[in-house]
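Here is a short briefing to read alongside your structure. Have the sequence and the 3D view open, and let's start with charged side chains.

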Amino acid sequence: MRERRKIILQELEQTGYVKVSMLSQEFHCTEMTIRRDLNAMSEEGLLKRTHGGAVKIGKNFVTDNVKDLVYSNLCNKIYIAKMAYRIIKNGDTIFLDDATTCLYLAQEIKRNNKKSVNVITNSILLASEIMQTVHISLKIIGGDIAGNLSATVGKEALEQIRGYRVNKAFIGVNGIDYQEGITGIGYPQMEIKKAMMKRAEATYVLADSSKFGHIYLSHICNLSEVTGVLTDKDLKEEYVQIAKEKNYPIYVDDTFINRRE
């Protein structure tokens, strides 16, 4: 199901429109199955249902360079984004970095107008997704463009971040290891994440379960330095058990939360 929905989104990105009958033939499944997929994805705000199919919502917000990141582990990232949204309070000021799961969190904030949220981000993609949304106040951090990531980094960006004080920071990472801590691939992005953490009252790491057990070059912080790590129900049982034993701040679902607030 997850792979099927990922492919549907990719086809929408390329053509702007998909038909139930054609998808049914492509995936060798019933039209009812495809309708359930499209209805669920419509509720998630990922597409707009039409008679006999679906169309892409709004502008193409995904560049060729980050498509694979945005669509990988899609369902788990949406699950994590919904969990993160429940943590946000009405009137909060938050940092969202350029992680793909933060993009889905931004979409979740956009869809739900019950909370007014002040968003500060270094992600150009994310900013374009939520701009001109009535219940969102948006500030975008300037600076140098980070390679292919459509995000800002560098000295100017860091100086701007240091001028803010926020309620919560939401950041993405590449690896989580219980001994080595939280790590990332790029040094410039690591600097941005660290700067956001220092200016936030609480920091939440958004990391799908595939990130656990991996270690990368840039050390961002130890587990003890974050308020919580939000992940999904596919997290291996061994990681769940160790987190319980060690009281690591891992969020798997609403019944297993080790808070540090």
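Glu-108 and Lys-82 join their side chains in a salt bridge, at 3.5 Å from N to O; a salt bridge here is a side-chain nitrogen of Lys or Arg within 4 Å of a carboxyl oxygen of Asp or Glu. This is a predicted model, in which local features need pLDDT of at least 70 and side-chain atom pairs count only at pLDDT 80 or more, while totals for chains, interfaces and linings use all residues. Residues are numbered from 1 along each chain as its sequence is written, and side-chain values use heavy atoms, with hydrogens and water left out.

- Glu-108 lies in helix H6 and Lys-82 in helix H5 (residues 74-87), so their pair ties together parts that are 26 residues apart in sequence. Helices (H or I, at least four residues) and strands (E, at least two) are DSSP runs, numbered from the N terminus.
- Glu-108 counts as buried, at 8% relative accessibility, whereas Lys-82 is partly exposed at 27%. Buried means under 20% relative accessible area, exposed over 50% and partly exposed in between (1.4 Å probe, protein chains only).
- Glu-108 also meets the side chain of Arg-111 in a salt bridge, at 2.3 Å from N to O.
- Both Arg-111 and Glu-108 belong to helix H6, where they sit 3 residues apart, about one turn of the helix.
- Arg-111 is partly exposed, with a relative accessible area of 31%.

**Salt bridges around Asp-37**

- Across the whole structure, a search finds 8 salt bridges.
- One of them joins the side chains of Asp-37 and Arg-5, at 3.0 Å from N to O.
- This pair links distant parts of the chain, with Asp-37 in helix H3 (residues 31-43) and Arg-5 in helix H1, 32 residues apart.
- Asp-37 is buried at 2% relative accessible area, and Arg-5 is buried at 14%.
- Arg-4 joins Arg-5 and Asp-37 in a network of salt bridges.

**A buried Asp without a salt bridge**

- Where is Asp-98 found? Asp-98 is in the loop between strand S4 (93-96) and helix H6 (100-111).
- Asp-98 is buried yet has no salt bridge, and its nearest side chain of opposite charge, Lys-193, is 4.2 Å away. For charge, Lys and Arg count as positive and Asp and Glu as negative, while His and the chain ends are not counted.
- Beyond its neighbours within four places in sequence, Asp-98 is in contact (heavy atoms within 4.5 Å) with residues including Asn-122, Ser-123, Leu-149 and Lys-193.

- An open sheet is formed by 3 strands in the order S1-S3-S2, with antiparallel pairing; two strands pair if DSSP finds at least two bridges between them.
- Strands S1 (17-19) and S2 (48-50) stand at the edges with a single partner strand each, so one side of each is left without a neighbour in the sheet.
- S2 and strand S3 (residues 53-55) are joined by 3 bridges, and Lys-48 has Val-55 as its bridge partner in S3.
- Helix H1 (residues 2-15) packs on the sheet, touching S1 and S3, and its direction makes about 130 degrees with that of S1. Axes are lines fitted to C-alpha atoms, for helices over the stretch in contact, and angles run from 0 to 180 degrees between N-to-C directions.
- Helix H2 (residues 20-27) lies across S1, S2 and S3, at about 70 degrees to S1.
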